[in-house]
Amino acid sequence: MSRNRPAPDRPAPGLPAPDLDRLPRVAAALAARAAEHDRDASFPYEGVAAVHQAGLLTATVGRAHGGPGAGLADTVRILRVLGGGDPAVALVTAMTLFTHAAQARNGAWPRPAYERLLTASADGPVLVNALRVEPDLGSPVRGGLPATVARQRGDHWELTGHKIFSTGAEALGRMLVWARTDEAAPRVGSFLVQPGSPGLTVLPTWNHLGLRASRSDDVRLDAVAVPLGDVIGLAAPGTDGGRDVVSGAWNALGLTALYLGVARAAQHWLTGFLHQRTPTALGAPLATLPRFQTAVGEIDTALTGAERLVGALARATDQGDAAAAEDAGAAKVIGTRAAIGAVEQAVALIGNHGLTQDNPLQRHLRDVLCSRVHTPQDDTVLLAAGRAALARRSTASAPAPTPAPTPAPTPTEGS
């Protein structure tokens, strides 16, 4: 009888219950220090702690594990609001939420390892991220085997390699290091690496224009020991870089929502500026001019449309709609272009005021540009969409061309 009992709809013992009503207050606390962390390129530990205390960092822990089991629609909402506060905090939150959600779907983590993660998460924030990108390989979704190698040594693996763009590296509680075995027929998988392990070094290489506080530094591994059982998805390499369609939808829609949050923060600052700015020659706030009203309307319309699209696809994905998950890449292209365009338009609208470091608009512009680098990238989405559209209208199914009419003879002089 117990097998048919509904899964618990409450947080696992010790985990803070998620409180979505606290989202605006949490985002406001993140925003209060976002400029400081951006300026110093310092990791926002206090922001992550605030997210954890509101139960947001573990919101997607599955019900089978005693968690709240938040779906993609709630995750999109969380990341959009947090993105408007501090996108660096939102990004490391996203990676952790995606990890718990994947475990809820497929249970790929070794049970003891995941139980240890939940126990640690009850004591404080535990960030988790997949370390996949390498200097030579680039993004694994474009194909190829990782250069990071796992060698079996008795009762453990030894990992040696170099990862780049490892978001939140200095603050991670678990690193999922994508590597290949040194077997004759290599297998690939994610090896669970503990921070502070001997041979593990975080190199402070992150010096980007945007998302400076994310500390997406390099990680070097020199014979780092991992227990034999602490591996996820160890199997022959596939063509998808280890990502399934639903995981791809979580990544695409969740991160698009994050950057739409950045764009909304830019719009919020812009509208406040337009109400306050009163040029002497005009004698009234800029907000009273039709030109500025129209421009703000364009920004608002673009963002509203993108938000609605992302939200609708997230809800449909939660309901098991495979087509919605497939459309997530296209939504990322539409949504991130809308976000970038909105912030660029805001900067263009007010000139120097938008570029001064005394105002946050320039930071929003730098941060929103980072939306382009996340998987799936525009070129891969558009190539796949173009090929699919052309395949639907193949030469074999197209109507035969109509023969051109035979031209009439050209009259000769004197006829």
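**Exercise 1. Is Thr 93 buried or exposed, and why does it count that way?**

Before we start, a word on the model: it is predicted, so local features need pLDDT of at least 70 and side-chain atom pairs count only at pLDDT 80 or more, while totals for chains, interfaces and linings use all residues. Residues are numbered from 1 along each chain as its sequence is written, and side-chain values use heavy atoms, with hydrogens and water left out.

*Solution.* 
- Step 1: Recall the scale: buried means under 20% relative accessible area, exposed over 50%, and partly exposed in between (1.4 Å probe, protein chains only).
- Step 2: Thr 93 has 0% relative accessibility, so Thr 93 counts as buried.
- Step 3: Find Thr 93 in helix H4, residues 87-106. Helices are DSSP runs (H or I, at least four residues), numbered from the N terminus.
- Step 4: Look at its surroundings. Leaving out residues up to four places away in sequence, Thr 93 touches Val 51, Leu 57, Leu 79 and Leu 82. Contact here means heavy atoms within 4.5 Å.

**Exercise 2. Follow Glu 46 to its salt-bridge partner.**

*Solution.* 
- Step 1: Use the rule: a salt bridge is a side-chain nitrogen of Lys or Arg within 4 Å of a carboxyl oxygen of Asp or Glu.
- Step 2: Glu 46 pairs with Arg 33, with the closest N and O atoms 3.5 Å apart.
- Step 3: The pair links distant parts of the chain, since Glu 46 is in helix H2 and Arg 33 in helix H1, 13 residues apart.
- Step 4: Glu 46 is partly exposed, at 32% relative accessibility.
- Step 5: Widen the view: Arg 33, Glu 36 and Glu 46 are linked in a network of salt bridges.

**Exercise 3. Which helices hold Glu 307 and Arg 264?**

*Solution.* 
- Step 1: These two residues form a salt bridge, and their closest N and O atoms are 2.7 Å apart.
- Step 2: Glu 307 lies in helix H7 and Arg 264 in helix H6, so the pair ties together parts that are 43 residues apart in sequence.
- Step 3: Both Glu 307 and Arg 264 are buried.

Definitions and conventions
Helix = DSSP H or I, 4+ residues; strand = E, 2+ residues; numbered from the N terminus.
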